[in-house]
Amino acid sequence: MISMEDWAEIRRLHRSEGVPIKAIARRLGVARNTVRAALAASDPPRYSRPAKGSLVDEVEPLVREQLRLDPTMPATVIAKRIGWTRSLTILKDRIRDIRPEYRGIDPADRVVHEPGDTVQCDLWFPEPRIAVGHGQAMMLPVLVMVATYSRYMCAVMVPSRRSGDLTAAMWQLLGQMNAVPHRLWWDRESAIATTRGVPTQSMRAFVGSLGARAVIAPAADPEFKGGVERHNRYLESSFLPGRRFAGPGDFNTQLGGWLAQDANQRVVRALGARPAEVFDRERPLMLPLPPVAPTTGWHHRVRLGRDYYVRLDSNDYSVDPSVIGRMVEVHADLTRVWVTCEDRQVASHARCWADHATITDPAHVATAAVLRKQYQQTIDARAEQARLAGARTHADGTIVPLRALSDYDTLFGVDPAIGHAAAEDGQGVAG
């Protein structure tokens with residue numbers, strides 16, 4: 001085979017200097033047919049070794065049989081089932097080549113997002129456990145929202161994955177963006193969508209108030225929200241290292257500062273600019289915030305019991321006991337819990353992020369003591385009135401009503417004369 005140097009020299013002599021084939025062959029000491037072949041070849045010469053058979057060739061039919069049974073079967077399992085005792089590397093290489101014939105090919109199209117169209121949403125669970133009071137520390141979710149065109153990111157830690165907290169957090173972050181995207185992309189988070197991929201009632205009400213649309217990811221498609229997933233990894237690697245958090249409020253303070261000063265101010269190579277700068281150009285293409293805020297957070301109605309506490313997300317909060325027995329409205333957002341009765345506020349507490357805690361307002365305890373004393377005074381006054389009137393009372397002062405026996409005879413339809421005669425007969429027999 002002619003060398004690369006001779007091939008290049010032959011073509012130079014013939015094409016640049018016009019040297020005839022015979023003279024080139026004589027000058028380089030090669031055959032004239034070699035010169036002709038070099039001039040006719042369009043590609044430089046390459047050394048190639050004839051292919052040799054592989055040890056895997058003999059067992060390939062057995063490998064294919066196993067892949068027909070299960071295209072996802074691991075190479076180690078296939079090796080064991082076909083009795084392979086040689087190098088596992090060459091077997092894995094062959095399986096890697098032929099597996100797509102049985103499993104199929106699932107190409108991923110590149111999605112192009114238009115400015116202002118889409119914000120991807122996801123929950124990120126940072127590893128550090130955050131102190132939430134009452135001697136508890138918990139791994140809390142963080143709602144992350146990313147504008148897919150500008151890569152602008154907002155995030156906030158939330159108390160739970162319930163729909164009330166997620167809608168409140170989304171509204172808070174959209175307020176920071178000061179705009180609403182045309183579409184909000186979510187996976188099948190239980191508070192956002194059903195297992196069939198249909199948005200929940202609370203999510204439909206939320207996006208309806210915004211004038212936007214909820215797009216739910218297909219089942220088993222982790223690439224659907226690739227943009228926000230990459231930002232979750234960025235948070236894991238760039239925000240968390242070396243940080244300590246005193247509580248959820250401290251976490252959100254540090255996170256907000258890092259997002260404003262670092263994450264949204266870094267130059268993104270794909271954009272050639274900073275996300276904050278690009279988002280300023282993207283914001284006018286989004287929808288404006290609605291004039292009336294959507295209903296978010298927790299809302300439910302309950303009758304206040306004698307213990308004057310209401311429950312919210314496993315925690316109990318005290319209420320003014322003066323409304324015991326009446327219907328009250330319980331409201332909560334990410335930071336506060338308040339209770340109203342006929343448009344009058346009867347309780348207000350900081351939101352507790354712990355589990356199974358009891359939060360008590362000392363003023364409510366004091367009011368309960370006053371009401372309890374007044375109630376006892378009322379009972380005592382009734383008992384005194386009954387005593388003066390000659391009425392019988394229980395030990396706690398409750399009046400015991402007295403009725404004539406004839407009233408019971410009339411009630412049960414008994415003739416008093418027959419009843420008295422039976423009573424006398426009974427006494428005679430007993431005697």
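This short talk goes through some charged side chains in a predicted model.

First, the ground rules. Local features in this predicted model need pLDDT of at least 70 and side-chain atom pairs count only at pLDDT 80 or more, while totals for chains, interfaces and linings use all residues. Residues are numbered from 1 along each chain as its sequence is written, and side-chain values use heavy atoms, with hydrogens and water left out.

I start with salt bridges, meaning a side-chain nitrogen of Lys or Arg within 4 Å of a carboxyl oxygen of Asp or Glu. Searching the whole structure gives 20 of them.

One is E60 with R94, where the closest N and O atoms are 2.5 Å apart. This pair joins distant parts of the chain: E60 sits in helix α4, residues 60-69, and R94 in helix α6, residues 88-98, 34 residues apart. Helices here are DSSP runs of H or I with at least four residues, strands are runs of E with at least two, and both are numbered from the N terminus. E60 and R94 are both buried; the term means under 20% relative accessible area, with exposed being over 50% and partly exposed in between, using a 1.4 Å probe and protein chains only. E60 and R94 also belong to a network of salt bridges that links them with D57, R64 and E101.

D93 bridges to R96, with 2.9 Å between the closest N and O atoms. Both residues lie in helix α6, three residues apart, about one turn of the helix. Why is D93 counted as partly exposed? Because its relative accessibility is 35%. R96 counts as exposed, because its value is 54%.

Now R351 and D165, whose closest N and O atoms are 3.1 Å apart. R351 is buried at 7% relative accessible area, and D165 is buried at 0%.

Last, E189. It is placed in the loop between β6 (183-186) and α9 (201-210). Is E189 buried or exposed? Buried, because its relative accessible area is 7%. Its side chain makes a polar contact with the side chain of R161 at 2.9 Å. Such a contact is a pair of N or O atoms within 3.5 Å; within protein, one must be able to donate a hydrogen and the other to accept it, and residues adjacent in sequence count only if both atoms are side-chain atoms. Setting aside neighbours within four places in sequence, E189 is in contact (heavy atoms within 4.5 Å) with L123, R161 and L166.
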